[in-house]
Amino acid sequence: MFLESKKIKLRAVEPEDLELLYTWENMSAFWEAGNTRQPYSKFALKEYISNTHVDIYESNQLRLMIVDKNTDNTVGTVDLFDFDIHHSRIALGLFVAPEYQGNGYAKSALQLVEDYVFEFLKINQLYCHISANNEASIKMFRKENFIEVTLKNWIKTKSGFDDIVVFQQFADDYKRRK
């Protein structure tokens with residue numbers, strides 16, 4: 001199965017995830033990195049959850065919950081978005097709740113997402129934008145052999161402008177690694 005490893009599984013968003021998503025989406029410390037400008041209401045999140053049944057080819061996005069298989073705790077989310085069928089690429093957002101970081105969940109989720117994107121969806125390119133200050137994520141994407149390009153002064157922060165590192169993985173490179 002594409003969405004499961006020894007450590008984690010990726011599953012669809014369920015109505016029971018509302019409180020967790022409400023907490024995570026409203027953690028203002030992460031807003032700069034995610035381009036969020038305002039809090040999310042429970043109403044908006046309920047509407048989002050009620051529409052998650054729409055196919056990725058129609059909605060151009062997919063959110064999955066990261067679940068630890070040993071504890072059954074939901075530890076984070078994977079977002080696939082900006083799905084561009086014509087150019088055969090999709091963006092990735094990866095979030096692991098602070099209390100679960102450093103346990104390999106992000107790396108496991110990234111590997112499952114690569115399998116899903118390249119083997120099931122047959123997409124050419126998976127990419128993501130990472131703040132140049134996010135050393136742990138940068139290290140992980142480098143270990144996974146993603147190509148990197150730096151965009152200077154890409155995001156506005158409280159202290160000025162910060163760089164973003166764009167990481168790209170291509171289907172051919174992924175297949176050579178497998």
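This is a predicted model: local features need pLDDT of at least 70, side-chain atom pairs count only at pLDDT 80 or more; totals for chains, interfaces and linings use all residues.
1. Strands here are DSSP runs of E with at least two residues, helices are runs of H or I with at least four, and both are numbered from the N terminus. F170 counts as partly exposed because its relative accessibility is 22%; buried means under 20% relative accessible area, exposed over 50%, and partly exposed in between, with a 1.4 Å probe and protein chains only. Leaving aside residues up to four places away in sequence, F170 touches F118, N124, Q125 and I147, where contact means heavy atoms within 4.5 Å.

2. Residues are numbered from 1 along each chain as its sequence is written, and side-chain values use heavy atoms, with hydrogens and water left out.

3. Next, look at D173 in helix α7 (residues 171-177). With a relative accessibility of 25%, D173 counts as partly exposed. D173 and I147 are 26 residues apart in sequence, and their C-alpha atoms are 9.8 Å apart in space.

4. Rings of Phe, Tyr and Trp (its six-membered ring) pair if their centres lie within 6.5 Å; planes under 30 degrees apart count as stacked, over 60 as edge-to-face and the rest as tilted. By this rule there are 7 aromatic pairs. One of them joins Y116 and F120, whose ring centres are 5.6 Å apart and whose planes meet at 15°, so the pair is stacked. Both residues sit in helix α5, 4 residues apart, which is about one turn of the helix. Y116 is buried, at a relative accessible area of 11%.

5. Which parts of the chain does the pair of F141 and F167 link? First its geometry: F141 and F167 are stacked, 5.2 Å centre to centre with 25° between the planes. The pair links distant parts of the chain, with F141 in helix α6 (residues 135-143) and F167 in strand β7 (residues 160-170), 26 residues apart. Both F141 and F167 are buried. Together with F146, they form one aromatic cluster.

6. Now for the helices. Two packed helices are described by the angle between their axes and the distance between the axes. Helix α1 (residues 18-25) packs against helix α3 (residues 42-50) at an angle of about 120°, with the axes 10 Å apart. That makes α1 oblique to α3, since angles under 35 degrees count as roughly parallel, over 145 as roughly antiparallel, 65 to 115 as roughly perpendicular and the rest as oblique. The contact is made by L18, E19, L21, Y22 and E25 of α1 with K42, L45, K46 and I49 of α3. These residues divide into 5 nonpolar, no polar and 4 charged; Ala, Val, Leu, Ile, Met, Phe, Trp, Tyr, Cys and Pro count as nonpolar, Asp, Glu, Lys and Arg as charged, and the others, Gly among them, as polar.

7. Finally, a backbone detail. Most residues other than glycine have a negative phi. D82, in strand β3 (residues 74-84), has a positive phi of about 50° although it is not a glycine.

Note on methods
Axes are lines fitted to C-alpha atoms, for helices over the stretch in contact, and angles run from 0 to 180 degrees between N-to-C directions.
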